[in-house]
Amino acid sequence: MKAARVLLGRLPKNAGWMALGIALYFAVSIPIARNNAFFIHHLLVWNVFLALVALLFALGMHLCERGVLAALFGVCWFFFFPNAPYLVTDLMHITYLRFYSSTPGGILSDWRPWFVLMHLALGVFFGTVMGLYSLQLVHLRMRRRLGAVASWIVIGWISLCSGYAMYLGRYLRLNSWDMLKPELLLRGIARNTHWFSLQVSLIFAAYVFFSYAVYCAFHRVEPNALQEKTEPERSAAPHAGRNDDAYSGDSWPAARS
């Protein structure tokens, strides 16, 4: 019981709201996918689930803190994380929706394409936010160990790898678990490494990096949400007010370069 309390205490303060939001999304989206023949709904639910898997691996790495298990969670997160930003490529499927009537400038009086569009947008937004949050968990850990500058360099490297992974997923239809088939993976990469793949990968990588930078600019992690307090900190916390030192140490600074 004590170990369980320690693990629960290490979870982010908003973990309960996160779990509620995830449960509500799937409670609504799974029936929509099951009762709708349009393939977009099925793909969306599956891709959002893969983004959730990446978040769970990041939380597992955060809870383990050190050791082989934490490294294993980190490796699994690295391979599943690209599924979150990959969701934005699902927006290409809106080409199957028809909004305009035959009358120039006229819009169809049909609620169904708008329903599909809103469900698609919500899934892309929800999965992307989960992915960015998982990346921030990993970034905070790297920042503690490597420092601010080096950790951002690693974020850039992760963005490049994720951009290429998004290309492999969209154009070669490869998945995260294809890493268990190295021959298939390497053969596909060797046959599809050219200037176009580099261009698309860089575009995707820029999307990952800048969307995360914007996310960090607008979302500041609470100082005690992602780190375990020491005993003196626990006893002093009720008597301490929020001051400028609250964002020192392992948490985000008030301003970032």
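What percentage of the 257 residues in the protein chain do buried residues make up? I looked this up and noted 40%. Buried means under 20% relative accessible area, exposed over 50%, and partly exposed in between (1.4 Å probe, protein chains only).

Before going on, I noted that this is a predicted model, where local features need pLDDT of at least 70, side-chain atom pairs count only at pLDDT 80 or more, and totals for chains, interfaces and linings use all residues. Residues are numbered from 1 along each chain as its sequence is written, and side-chain values use heavy atoms, with hydrogens and water left out.

Next, the fold. I found 10 helices and zero strands in the protein chain; helices (H or I, at least four residues) and strands (E, at least two) are DSSP runs, numbered from the N terminus.

Then contacts, meaning heavy atoms within 4.5 Å. Of those between residues at least 6 apart in sequence, 75% join residues at least 24 apart.

I turned to the cysteines. The structure holds zero disulfides, a disulfide being a pair of cysteine sulfur atoms within 2.5 Å. Cys64 is partly exposed at a relative accessible area of 26%, whereas Cys76 counts as buried at 18%.

Last, the surface. The protein chain exposes about 15,000 Å², and carbon and sulfur atoms supply 68% of it; the areas come from the Shrake-Rupley method with a 1.4 Å probe. I also looked up Trp46, which lies in helix H3 (residues 39-64).
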